[in-house]
Amino acid sequence: MKLSIKEFDAMQMGWRKWYIEKVELKTFKKFGLVIKDADILEVGCGNGYAASLITVEGPHSYTGLDIMPEQLEIARGRKLSNAAFVEGSADDLSGFSDKSFDVVLDFCILHHVEGWRTFFDACRRVLKDDGSIYIADLSKRCIHMVDAVLHWGHAEEALFTLHEFETEANKRGFSTVHKASDLGLEGYFRFQKIH
Ligand SMILES: C[S@@+](CC[C@H](N)C(=O)[O-])C[C@H]1O[C@@H](n2cnc3c(N)ncnc32)[C@H](O)[C@@H]1O
């Protein structure tokens, strides 16, 4: 789902960059994320800020996928030499080959994706054996609190509890390797493909 104007503007702000770098990416690394030489897919790459942090660490490849052309335009404007930015939806990875990525990253986007359950099936196909998904995403409770104050207008159909989210990942062929949460509001997971 496309972002409301208010949320789009908020995503361009310094606090969001700080949070990606100092909290979410840091947590992924604590959970074992290795960027060097990896083939990486980031779903909902937004304006490409995470891409700018990831590509300096020498991945074998980096692909950012987003549904919003406005976000992709900003991401492409960064002129990162080793990044490809593609328009598409996180629950339809049919444009990518089987077993083509070591890692799929989600920095707070799946609460916008009604098809978040089938996202796990798509990841199973595009991930190499032993590949992992690293998730930083917001629970239904968190989004209800945000919308009560900021009126960003998230669609209820895409929301999940962290328990529902983990249960679905496990049901669809991923084991939980690491998990953490900030008071049940933002959840962090590393799910590994079971083969
Ligand atoms: C809250 S923003 C986060 C963007 C970026 N990851 C960040 O942390 O700044 C959510 C992003 O998900 C994108 N998005 C929403 N629905 C999507 C979908 N079905 N597939 C891919 N991207 C989607 C939006 O365009 C937006 O860039």
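## Basis of the description

Helices (H or I, at least four residues) and strands (E, at least two) are DSSP runs, numbered from the N terminus. This is a predicted model, in which local features need pLDDT of at least 70 and side-chain atom pairs count only at pLDDT 80 or more, while totals for chains, interfaces and linings use all residues. Residue numbers start from 1 along each chain as its sequence is written.

## Overall fold

Seven helices and seven strands make up the chain, and their order along the sequence is α-α-β-α-β-α-β-β-α-β-α-α-β-β. The radius of gyration, taken over C-alpha atoms, is 15 Å, close to the 16 Å that the globule rule (2.2 Å times the number of residues to the power 0.38) gives for 195 residues, so the chain is as compact as a globular protein of that length. The C-alpha trace spans about 40 × 40 × 30 Å along its principal axes.

A residue is buried if 20 or more other C-beta atoms lie within 10 Å of its own, exposed if 12 or fewer, and partly exposed in between, with C-beta atoms placed from the backbone. By this criterion, 39% of the 195 residues count as buried. Two residues are in contact if their C-beta atoms, placed from the backbone, lie within 7 Å; of the contacts with a separation of 6 or more, 61% are accounted for by residues 24 or more positions apart.

## Strand β1 and its partners

Strand β1 (residues 39–43) is mostly covered, with four of its five residues buried. Strands pair if DSSP finds at least two bridges between them. β1 pairs with β2 in the parallel sense over five bridges, and L41 stands opposite T63 in β2. Between β1 and β2 the chain passes through helix α3 (residues 49–55) in a right-handed β-α-β crossover (with the strands pointing away from the viewer, the path from the first strand over the helix to the second runs clockwise).

β1 also pairs in the parallel sense with strand β4 (residues 101–107), over four bridges. There, I40 has V103 in β4 as its bridge partner.

## Surroundings of the ligand

The shell around the ligand holds 21 residues, of which G44, G46, M68, I109 and H112 come nearest; a residue is near if its C-beta atom, placed from the backbone, lies within 6 Å. Both α2 (14–30) and β2 (61–66) supply at least two residues of this shell.
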